[in-house]
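The sequence and the structure are shown first, and the description follows.

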Amino acid sequence: MPKLTYWVAPIKYDSDRYSIIGKTRKSVLEQLDQTDSPEHYETPVKKELYYRDAFDLFEWVSGEGGSRS
């Protein structure tokens with residue numbers, strides 16, 4: 001089964017849609033450095049998503065509730 005690996009720094013005080021995401025921990029940390037309020041985000045964590053096929057992945061990213069939680 002294919003796997004998508006990404007990193008996320010969840011936002012503390014707003015909707016998950018405003019969390020910072022990236023392919024690598026380094027890219028998330030760089031984005032945190034560029035934000036005006038890095039203290040509004042939690043420590044980046046690694047996430048892994050297993051999916052069956054491209055359509056399964058599409059449903060995940062376009063579904064209600066988003067994909068960042």
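What does the accessible surface of the protein come to, and what share of it belongs to carbon and sulfur atoms? The accessible surface is about 5200 Å², and 49% of that belongs to carbon and sulfur atoms.

The model is predicted: local features need pLDDT of at least 70, side-chain atom pairs count only at pLDDT 80 or more, and totals for chains, interfaces and linings use all residues. Residues are numbered from 1 along each chain as its sequence is written, and side-chain values use heavy atoms, with hydrogens and water left out.

**Overall architecture**

The protein contains 2 helices and 3 strands, which follow the pattern β-β-α-β-α along the sequence. Helices (H or I, at least four residues) and strands (E, at least two) are DSSP runs numbered from the N terminus. Taken along the principal axes, the C-alpha atoms fill a box of roughly 40 × 25 × 15 Å. Of the 69 residues in the protein, 26% are buried; buried means under 20% relative accessible area, exposed over 50%, and partly exposed in between (1.4 Å probe, protein chains only). Among contacts with a separation of 6 or more, 55% are between residues 24 or more positions apart, where contact means heavy atoms within 4.5 Å.

In soluble globular proteins, nonpolar side chains tend to be buried together. Here the largest nonpolar core has 7 residues, namely Trp7, Ala9, Ile11, Ile20, Val28, Leu32 and Tyr41. The elements that give two or more residues to this core are β1 (3-9) and α1 (25-34). A nonpolar core is a set of buried Ala, Val, Leu, Ile, Met, Phe, Trp, Tyr and Cys residues joined through side-chain atoms within 4.5 Å. Leaving aside neighbours within four places in sequence, tyrosine 41 is in contact with Ala9, Pro10, Ile11, Lys12, Tyr18, Ser19, Ile20, Leu32 and Thr35.

**Aromatic pairs and a surface patch**

A pair of aromatic rings is described by the distance of the centres and the angle of the planes. Rings of Phe, Tyr and Trp (its six-membered ring) pair if their centres lie within 6.5 Å; planes under 30 degrees apart count as stacked, over 60 as edge-to-face and the rest as tilted. By this rule the structure has 2 aromatic pairs. In one of them, tyrosine 6 and tryptophan 60 are tilted, with 6.1 Å centre to centre and 55° between the planes. This pair links distant parts of the chain, with tyrosine 6 in strand β1 and tryptophan 60 in helix α2, 54 residues apart. Tyrosine 6 is buried, at 12% relative accessible area, while tryptophan 60 is partly exposed at 26%.

The rings of phenylalanine 55 and phenylalanine 58 have centres 6.0 Å apart and planes at 40°, so this pair is also tilted. Phenylalanine 55 and phenylalanine 58 are separated by about one helical turn because they are 3 residues apart in helix α2. Helix α2 spans residues 54-62, and phenylalanine 58 counts as partly exposed because its relative accessibility is 48%.

Phe55, Phe58 and Val61 make a nonpolar surface patch of about 320 Å². Patches are made of residues with over 30% relative accessible area and no salt bridge: like charges are joined within 9 Å, nonpolar side chains (Val, Leu, Ile, Met, Phe, Trp, Tyr) within 5 Å.

**Salt bridges**

A salt bridge is a side-chain nitrogen of Lys or Arg within 4 Å of a carboxyl oxygen of Asp or Glu. The whole structure has 2 salt bridges, tabulated below.

| glutamate 48 | lysine 3 | 3.4 Å |

Glutamate 48 is partly exposed at 40% relative accessibility, and lysine 3 is partly exposed at 41%. Aspartate 56 counts as buried at 14%, whereas arginine 52 is exposed at 59%.

**Tyrosine 50**

Tyrosine 50 lies in strand β3, which covers residues 45-50. Tyrosine 50 counts as partly exposed because its relative accessibility is 47%. Apart from neighbours within four places in sequence, tyrosine 50 is in contact with Met1, Pro2 and Lys3.

Terms used: Accessible areas come from the Shrake-Rupley method with a 1.4 Å probe; for residues, only the protein chains shown count as cover.
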